[in-house]
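The entries follow the order in which I checked them.

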Amino acid sequence: MIDQKEKKNLNKYKSKLIFKIVGLLPILFIIKLNYNINNKDIKVCVCTLGRQENLYIREFVNHYENYGVNKIFLYDNNKKDGEKFEDVIGDYIKKGFVELLDWRGIDQPIFPIMNDCYNKNKNKYDWLIFYEIDEFINLYKYTNVKDFLKQKKFKNCKVILLNIINHSDNDQLYYENKTLSERFPAIVPLEKSQISVKSILRGNISNLTITWMHHINDGLPKCNGFGHPNDFIHGNDFKYNVIDHYYSKSTEEFIQKIMRGDSWRGTLDYVQHRTEKYLNQNKITLEKIEKLEKGIGINLSKYKKYITKRVRRRRNIRN
């Protein structure tokens, strides 16, 4: 039997316990609220377009599916009678992970499609990624892009800019039926690379007109991959948060890329510039130059002279 004194002490203990629990409720509510915010299932999509990319589109789609992207909006910029994405990613289209939009036969589509994709989807997705089919996000510490984008350090960012890492041709002359990462692991040295960034854009921004694929709009608050509002070409970014860019692939594939016309601009006006960029970023050989001249139809005699001088110099050193 519990006497009156023990009963009174027990009731007093219960009252104190209830008071403490009630006092903890606001704290528990805040903790739960923060947990829900930090673990909100955000939605992320990719906006891209492609022309003659059937050899690579499945690897691209699979990569972003594995990174947790909800959907890919793929603008089909092939020629009217050209290849069809449905032939290689029909299963992804059927299950709704890829939505195919018809831009076949349209020239200079880059800014219209970026604005079209953003305006149609800005209220449906928390973040929209604008990368090309030869660009693969690489978030070394994160296996899911949503976990990366949910970080508090991006709270005030409207645009996240990740550095582009250019991969070389690995001295490959011809196409091989393997993944791009298997075929072209070598990276172009930074001093030879055209350092640039690409954008991940926050949704629900009003009155936005996209005018450039790299920096989007200069007036928006931007962050690099560490959440810093400045220093977008950041050395450490090249170790952790980057975009692997398989710019040229093999010599054969580079020629095909040039001859199809640029899928973003629909023009061949800058063929010479792109070819020189390819040669500057990769090892120059006579076989490559001859293939480029024959395949693209441009004069690369200055590079032949360079090789001739290099061969003579080596001979003189040996002698």
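**Cysteine pairs**

I looked for disulfides in this predicted model and found that the structure holds two. I recalled that a disulfide is a covalent bond between the sulfur atoms of two cysteines.

I turned to the pair of Cys 47 and Cys 117, whose sulfur atoms are 2.0 Å apart. Their torsion about the S-S bond is about -70°, so I noted this disulfide as left-handed. I then located the partners: Cys 47 is in strand S1 (residues 44–50) and Cys 117 is in helix H4 (residues 110–121), so that distant parts of the chain, 70 residues apart, are linked. I recorded both Cys 47 and Cys 117 as buried.

I next examined Cys 157 and Cys 223, which form a disulfide with sulfur atoms 1.7 Å apart. The link of Cys 157 and Cys 223 is left-handed, with -75° about the S-S bond. I placed Cys 157 in the loop between helix H5 (145–149) and strand S6 (159–166), and Cys 223 in strand S8 (residues 222–223); the pair therefore ties together parts 66 residues apart in sequence. Cys 157 has a relative accessible area of 1% and is buried; Cys 223, at 5%, is buried as well.

I wrote down the pairing of the bonded cysteines, numbered in sequence order, as 1-2, 3-4.

Technical notes
Residues are numbered from 1 along each chain as its sequence is written. This is a predicted model: local features need pLDDT of at least 70, side-chain atom pairs count only at pLDDT 80 or more; totals for chains, interfaces and linings use all residues. Side-chain values use heavy atoms; hydrogens and water are left out. A disulfide is a pair of cysteine sulfur atoms within 2.5 Å. Helices (H or I, at least four residues) and strands (E, at least two) are DSSP runs, numbered from the N terminus. Buried means under 20% relative accessible area, exposed over 50%, partly exposed in between (1.4 Å probe, protein chains only).
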